[in-house]
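Please read it alongside the sequence and the coordinates.

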Amino acid sequence: MKKTVDHLNARGSRVLVRLDLNVPLDDNGAITDDRRIRAALPTVKKLLSDGGRVIMMSHLGRPDEEPEKKHEFTLAPVAKRLSELLGIKVDLLPDCAGPQIAERAARLRDGEAVLLENLRFHPEETIKAKKTASDPKLKERKEDFARQIASLGDAYANDAFGTCHRDNASMLTVPRLMEGKPRVAGYLVQKELEFLGDALRNPKRPFVCVLGGAKVSDKLGVIRSLLSKCDTILIGGAMAYTFLAAEGHKVGKSLFEPDLFETARSLRKDAGNKLRLPVDSLAAPEISSHTTPVVCSADIPADLIGLDIGPQTVKAFSSEIATAKTVCWNGPMGVFETPPFDTGTLAMALTIAEATDRGAISIVGGGDSAAAIDRAGLAARMTHISTGGGASLEFLEGKPFLPLEVLDEV
Ligand code: 3PG
Ligand code: MG
């Protein structure tokens, strides 16, 4: 078992806390969903009330992939929201490394908190271990960057569950370099591991998984791994059309991935009746079309795009979920941002909430599914809504989380 912030003596100590404050922003830079910020509060509050000097850090988006739009990825809106929620002023520092930052960190007082600016403003943050392994110069660059961050803290806490599947410098290199200083997990990481781990270790059956989203390529690993663990996998979202098209069905102008046809066919063969695809779809010539006919998912007219699961599929999937004792959901059933293509996703949210009311355990992962549940006002009726999208998928897939492995054992 890993040590947590409960094992830390934070008073007077500068605690570097890696959080996943990567929240969605609208075009005006306003936070549209602050769940990840709220989920980080218990750990931060605990450290502050213990008299810790809290140095929070996070990434936001992928500015390393779009350096020309860097200004759009500032953590300023997050610092403001954190200040409101914590009830104390959280200063956003202008960077995450460098002498000016070190000087400010050294001046922190007990019970004070600051937020470092977006870690991914430095490309070193995301240099992958695969690359550093074969290129000593890159390794040195990543470590130099990590060393500057590591030097800011007397202790390290990881409460960034949503990023635990990444080998980012702040997630892995920093705690490695802080060997000998306390390195612990936060409450959110602890809670996520407890819920996701319990659901998987010994699932109450029937165990039904609902998977959606645009791409099969994002979910291949998890489908393979869940096939051996669960009783039924219900597939919605555009990824269903890759399975259907792979078997020669007509999917019209729907999104699909031809590269994955062979994989999709072999998955279907291995899965047999466990893997269920939509029988009907809501389709339209364009997302903005006013007419949205219900069509057979395996015979979509050439000029139409499948944009949501149809009513027969909602019925079939719902009756499967109704019998479940464990339900795991990741990914929307259609283009849920644009009504009426949110119908299938909202119907799944309600059916899963009802199953939970009857005693089933429901675990939801992925920002889109969580957002749909929030919009439907059903969040309180789910057993656990993970703050991880990719991370919860990789956890379900059984991949190791290296950033957690380096933390101190009890
Ligand atoms: C996420 O939202 O998936 C996490 O914050 C990690 O972000 P990333 O996928 O850009 O690494
Ligand atoms: Mg991601």
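Is S254 buried or exposed?

1. S254 counts as buried, because its relative accessibility is 4%, under the 20% cut-off. This value, like the others below, comes from a predicted model. S254 sits in a loop, the one that runs between β9 (250-251) and α10 (261-271). Leaving aside neighbours within four places in sequence, its contacts are Y241, I300, L304, I305 and G306. With G306 there is also a polar contact: a polar atom of the S254 side chain lies 2.9 Å from the backbone nitrogen of G306.

2. A246 belongs to helix α9 (residues 239-246). Its relative accessibility is 8%, so A246 too is classed as buried. Not counting residues up to four places away in sequence, A246 touches F261, A264 and R265. For A264 the C-alpha separation from A246 is 6.7 Å, across 18 residues of chain.

3. Which residues surround ligand 1? They are D20, N22, R36, H59, R62, R120, G162, T163 and R166. By class, this shell has 5 charged residues, 4 polar ones and no nonpolar ones.

4. Polar contacts to ligand 1 include those from three of these side chains. An N or O atom in the side chain of D20 is 2.8 Å from an oxygen atom of the ligand. For R120, a polar side-chain atom is 2.8 Å from a ligand oxygen, and for R36 the corresponding distance is 3.0 Å. Of the 300 Å² of accessible area that ligand 1 has on its own, the protein covers 84%.

5. Strand β5 (residues 155-159) deserves a paragraph. It is largely enclosed by the rest of the structure, because 5 of its 5 residues are buried. Both faces are covered: A155, A157 and D159 lie on one side, Y156 and N158 on the other, and all of them are buried.

6. Which strands pair with β5? Strand β1 (residues 14-19) pairs with β5 in the parallel sense over 5 bridges, and D159 is the bridge partner of L19. Strand β6 (residues 183-185) also runs parallel to β5, joined to it by 3 bridges. In that pairing V184 of β6 stands opposite A157.

7. Leaving aside neighbours within four places in sequence, A157 is in contact with V5, V15, L16, V17, R18 and V184. Its C-alpha is 8.7 Å from that of L19, a residue 138 places away in sequence.

8. A separate point concerns the open sheet of 6 strands, whose order is β10-β8-β7-β15-β16-β17 and whose pairing is parallel. Why do β10 (275-276) and β17 (384-385) each have one side without a neighbour in the sheet? They stand at the edges, and each has a single partner strand, so one side of each is left without a neighbour there.

9. Within that sheet, strand β8 (residues 232-235) is joined to β10 by 2 bridges, in parallel, with I233 opposite L275 of β10. Strand β7 is joined to β8 by 4 bridges, also in parallel, and L234 in β8 is the bridge partner of V210. Both faces of β8 are covered, with T232 and L234 buried on one side and I233 and I235 buried on the other.

10. Most peptide bonds are trans. The bond from R205 to P206, however, is cis, with omega near 0°. P206 lies in the loop between α7 (187-201) and β7 (207-211). The bond from P339 to P340 is cis as well, with omega near 5°. P340 is placed in the loop between β15 (326-330) and α12 (343-357).

Note on methods. Residues are numbered from 1 along each chain as its sequence is written. Chains are lettered from A and ligands numbered from 1 in the order in which they are written. This is a predicted model: local features need pLDDT of at least 70, side-chain atom pairs count only at pLDDT 80 or more; totals for chains, interfaces and linings use all residues. Side-chain values use heavy atoms; hydrogens and water are left out. Buried means under 20% relative accessible area, exposed over 50%, partly exposed in between (1.4 Å probe, protein chains only). A polar contact is a pair of N or O atoms within 3.5 Å; within protein, one must be able to donate a hydrogen and the other to accept it, and residues adjacent in sequence count only if both atoms are side-chain atoms. Contact means heavy atoms within 4.5 Å. A residue is near a molecule or strand if one of its heavy atoms lies within 4 Å of it. Accessible areas come from the Shrake-Rupley method with a 1.4 Å probe; for residues, only the protein chains shown count as cover. Ala, Val, Leu, Ile, Met, Phe, Trp, Tyr, Cys and Pro count as nonpolar, Asp, Glu, Lys and Arg as charged, and the others, Gly among them, as polar. Two strands pair if DSSP finds at least two bridges between them.
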